[in-house]
Amino acid sequence: MDTKTKPVAIDQLRIDGPRLWDSLMELAQIGATPKGGVCRLTLTDLDRQGRDLVTRWAREAGLMVTIDRIGNGFMRRPGRNNSLPPVVAGSHIDTQPTGGKFDGNYGVLAGLEVVRTLNDHGIQTEAPIEVAFWTNEEGSRFVPVMMGSGVFAKAFTLEHAYAATDTEGKSVKDELERIGYVGPEEPGAHPIGTYFETHIEQGPVLEDNDKTIGVVTGVLGIRWYDCTVTGMEAHAGPTPMALRKDALQVATRLMQEVVACAHRHPPHGRGTVGMVQVHPNSRNVIPGRVKFSIDLRNASDAICAAMDADIRAVAARIAAETGLAIAIEQVSEYPAQPFHADCIAAVQRAADRLGYSNMPAVSGAGHDAVYMARLAPAGMIFIPCKDGISHNEIEDAKPEHITAGCNVLLQAMLERAGVA
Ligand SMILES: [Zn+2]
């Protein structure tokens, strides 16, 4: 092991911010877009180049690289006691078609920077350290999203993932083979002791509160509904107001209640109507039928259930008052995923000890950490991104925040792995 610098106390240990930044910028060259973003869709030639670069850096840092059958990569730094399950830092290196430099890539390269820092100082951990990248987190070319981590966590089968095709009819299996990333390891046959994912927030809360670190407590649960209000079409002129069955007027009352319902379940309640269809959608016809979507989110399944009961009760009351039929059909549900108390505390302690301003945060978006949390204690570290924007070529983050998040990751990983 390289011991080029003199020993340093563990709590004084800091990552090399410029080195991490340079690696992020170099990886962002692969698939770079004219507007300063990245287009590196999963299982393309560019994805292969990205994977090749990251695994080359890993080998140069002395890590052993293992690929599993869905193309997930594990880059291992042995500990003193290799019978212990590893402490893993991971994320993804695929991007959206008009993606940025930081979403996913930061979490993987922050893990690599932790390893490089430990190498610089000749520090041996008790448990092994690993850096992971998960195949097809973004889901823009192949569905489902979070594919590699989902197969790993047995949320769906390898065969199901292999059979997914893109718009040109190319399958995940064929494309994985074509880029040379079908490894020998069975997905999920890889122990995980603790999992941390460092990520840009992808929302505006940290920036709005002027905080450097988000201590992520969990990922919001989601419920999707289709709602139909049925009235009666009639001529807009001859039909007096009192004798109408105007489906749109009733629907808009309920739409207001979707937002009110989110406000009634603070602080993490979210309520959105994003899609509306009005029938017959004619200027001089009273609308006879309105169909709209409802998206409800909150931090626990119990509160999501309370929001469900809330909106159904309100709909029943409006239906009784107006005499119009209101049907609410749930079309999908994603459970909330709280993170492990020990991981949340490790991130909190690290941020406090390092003197970074911080606050509890929730993730409104999905991450590979959601599936890892089913298998092992897991946690996430958020840093601000400019204007809360991601999945966009203008996605941006400050170097000092990139550095801070990685220092928190380093300290949290060392706390969980132990220093030999
Ligand atoms: Zn991401």
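**A friendly tour**

Asp-308 counts as buried, at 12% relative accessibility; buried means under 20% relative accessible area, exposed over 50% and partly exposed in between, with a 1.4 Å probe and protein chains only. This is a predicted model, where local features need pLDDT of at least 70, side-chain atom pairs count only at pLDDT 80 or more, and totals for chains, interfaces and linings use all residues. Residues are numbered from 1 along each chain as its sequence is written, and side-chain values use heavy atoms, with hydrogens and water left out.

Q: In which helix is Asp-308 found?
A: Helices (H or I, at least four residues) and strands (E, at least two) are DSSP runs, numbered from the N terminus. Contact means heavy atoms within 4.5 Å, and, not counting residues up to four places away in sequence, Asp-308 touches Arg-223, Tyr-225, Leu-296 and Gln-330. Asp-308 itself sits in residues 301-322, which is helix 9.

Q: Which residues are the protein donors of the zinc ion?
A: Donors are N, O and S atoms within 2.8 Å of the metal (3.2 Å for Na, K and Ca); water is not among the atoms, so sites may look incomplete. Their spacing in sequence reads H-x10-D-x95-H. At 2.0 to 2.2 Å from the zinc ion, they are His-92 (NE2), Asp-103 (OD) and His-199 (NE2).

Q: How many residues apart in sequence are the parts that His-92 and His-199 tie together?
A: His-92 and His-199 are both buried. His-92 lies in the loop between strand 3 (87-91) and helix 3 (105-120), while His-199 is in strand 5, so the parts this pair ties together are apart in sequence by 107 residues.

Q: Which peptide bond is cis with omega near 5 degrees?
A: Most residues other than glycine have a negative phi, and most peptide bonds are trans. The bond from Val-143 to Pro-144 is cis, but with omega near 10 degrees. Pro-280 lies in the loop between strand 10 (276-279) and strand 11 (285-286), and the cis bond with omega near 5 degrees runs from His-279 to Pro-280.

Q: Is Asn-281 buried or exposed?
A: Asn-281 is in the loop between strand 10 and strand 11, and its phi is positive, near 65 degrees. Gln-202 also has a phi near 65 degrees, yet Gln-202 is buried, with a relative accessible area of 19%. Asn-281 has 62% relative accessibility, so it counts as exposed.

Q: What is the relative accessible area of Trp-224?
A: Trp-224 is found in strand 7 (residues 221-230). Trp-224 counts as partly exposed, and its relative accessible area is 35%.
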